[in-house]
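Look at the model first.

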Amino acid sequence: MTLRYPAAPVRPERNEAGGLVFDDPYQWLEDGGGDGVADWQRAQDELARSHVHAWPHYDRLAARVGELVEQMDARNLVVPVRYGPRWFRGRVPDGRDLMVLEAAGEVTGPWRTVIDLNELSTGGTPLRMSPQPSPDGRLLAYSLDASGRELPELKVIDLDTGEVLLDGVPQQRPGLVAWLPDSTGFFYMANHLAAADHLADAAADQAPGAAARPPLRWRLFFHRLGQPPPTEPEPLDIPHLFAIPRISRDGRWALLQVDHLRPRPHYLARLDEAAGGSGPPSWQWREFITDTEHLYKGVLTGDSYVAVTTAGAPRGRLVRIPLDSPGDPGSWTELVPGGDAVLTGVTLVGDRLVLGELVDTVSRIRVLDLDGKELGEVPLPGPGSVSSVAQGVIALGVMDQVIGCEDAIAFCYTSYTQSPTVYHYALGTGELTRLQGAGHTLPGLVTTRIWATSADGTPVPCTLVHRAGLDRSRPQPTLIHGYGGFNVAELASYLGPVAAFVEAGGVYAHAHVRGGGEFGLQWWEGGRLHAKQNSFDDLYAIAERLIADGITAPDRLAVQGASNGGLLTGVAVTQRPDLWRAVVCGAPKLDLMRVARDPVGAAATLPEYGDPNDPADAPVLMAYSPYHHVRPGTPYPAILLDAGANDPRCPAWHSRKFAARVQAATTSQHPVLLRVWQGAGHGGTSWTTIVEQQTYWLAFVMRELDLVPLPGPVRR
């Protein structure tokens, strides 16, 4: 079937980045509001929609995906957390599209509604919320974002009276807050624009695409309730997106701790030594940990910082660092030495430490005393993954594994074949209680592990999931999923909608490529910045191993990834178009030479990939930037580019430009489709959109691999 693609005129524009000069034929497609761009995108969207929906089995697949989602009970899966006397949780009620935040006196309920985003939404606008109750459970700070644009408003309300105590702050993009223990105020991070930056930002709003917006300048602010919102930040220069203070229980210390992505100095302040007066509090910040080569992540306890660090152990060790002498490692006390397990995080629960670990990509939780002595291990339902948020459909593993209160932890457990389930574990009694989740399992499926050898000789693992009786002696339809970036450990996660692919006879292959956090610091460093090509080579090695073993063949093989995984698949289709029958690039960045034009995207990705304006990085980025390696006369496989119209991290212009270039270059009859989801950001914003997106890309893959969905689950 030959598709007639909407015409995209070639209008070359000369570019220079990092000392490299190149022409961009479709740069005009970056301007979403430009002349003809919106109409062109709508035409592409309609072509993609009609092509996929014309598949005779689409409705059957949609029905099966709907069944699988309902069995997951994913609408109700947010790990509850206690603040003061109240427990809080979020869920999406049946028949509604957006989240409801609820509170209760007991972890088992009964629950009452605190905020209903469905009621706040006007005209069907999708809303997302990041709630942060005060330590006494009386107040609620929350950021509210519309349509996935990541331009939230920060608000504070009194949960007992409904009084609005704060209705917005002057800064852009305020994020999570860190409350003082007495609930009288909080820190927050936000983008702090200078006057010139405000003018540039306004100009960009008036003429989209005419100039890049000013870079994000993340700063730390403190707001005292009852006072006007702050206009000036704390006196710290933090070139970082995700830093947020941790406050000690007694309120004496504030530690500004960087996240798991970039080694940076930590900063420390004594809050009880603030200068007096009627104005805002003034405390002295000082550099705490100055080591910029290793990662640190931990909790404040007494006058110490108990942290997981990669200093002296690439997979992590647990140390106690005195707050008064952080610069001397000789004063540190090692609580848990480094080993084969990857230490993912530590939580303070009462007078105990809860340590999260990965053992060959499988989660483990151990309970320790404050001196590191093991008191026990939390009994998990089986080999799977644990997180502090409920995971569904190919979710990213997170670094904070559990949520702790004074005497218990709450967490979500899942595996490839068990749906996400929320548990409450009492440390004193050892009682494990299931709070939420259907506990649904996928019968008749098996998981196996294979290893491939990458181009540089590194062994790379891949987990296969398929029907127990599947004939692996002949090539079968196979779907590889990969991510491999940002030190994120993508772990075993319930197949959910992807189970429709496996039930129908497909093989699901979860590739653990370098760049991720599954095997510690070296695994991450081996697939980032100038070593990023290793991520792609790892993927090709896995594909070639599956083909060599006869499990699949190039005409029966698909690859899918989103966000950083979208870049992975975009590179895969341009570097090795011969390996794939179908490729899904979800929310991708595909033009790495102009990625710095978007402030959110630049802040999130330049430290991971490199800066195209840096002469040292530019040749490395150009060597694999997918958009620049589309070759005319190449028989490309079927490609689906799936983007959110409002995505600020991976804007849709990447997908628009790439689609136009590949559609003009390919010599095959395989479709090259562009699907841009209106009202969506980095991933679906509403529940309906999320489910529809999963159905859509699965239908695209199954159609290309000639795999027909079954009307119901496979039975033993």
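## Residue D598

D598 counts as buried, because its relative accessibility is 11%. Buried means under 20% relative accessible area, exposed over 50%, and partly exposed in between, with a 1.4 Å probe and protein chains only. D598 sits in the loop between β36 (582–586) and α9 (599–609). Helices (H or I, at least four residues) and strands (E, at least two) are DSSP runs, numbered from the N terminus.

Leaving aside residues up to four places away in sequence, D598 touches P651, W653 and H654. Contact here means heavy atoms within 4.5 Å.

## Basis of the model

The model is predicted: local features need pLDDT of at least 70, side-chain atom pairs count only at pLDDT 80 or more, and totals for chains, interfaces and linings use all residues. Residues are numbered from 1 along each chain as its sequence is written, and side-chain values use heavy atoms, with hydrogens and water left out.

Strand β9 (residues 153–158) is largely enclosed by the rest of the structure, because 5 of its 6 residues are buried.

β9 pairs with strand β8 (residues 139–146) in the antiparallel sense over 6 bridges. Two strands pair if DSSP finds at least two bridges between them. E153 in β9 stands opposite L144. β9 also pairs with strand β10 (residues 164–167), antiparallel over 3 bridges. There, K155 has D167 in β10 as its bridge partner.

## The two hairpins

The β8 and β9 hairpin has 6 residues between the strands, and S147 takes a positive phi near 60°. The β9 and β10 hairpin has 5 residues between its strands. In that turn, G162 has a positive phi of about 80°.
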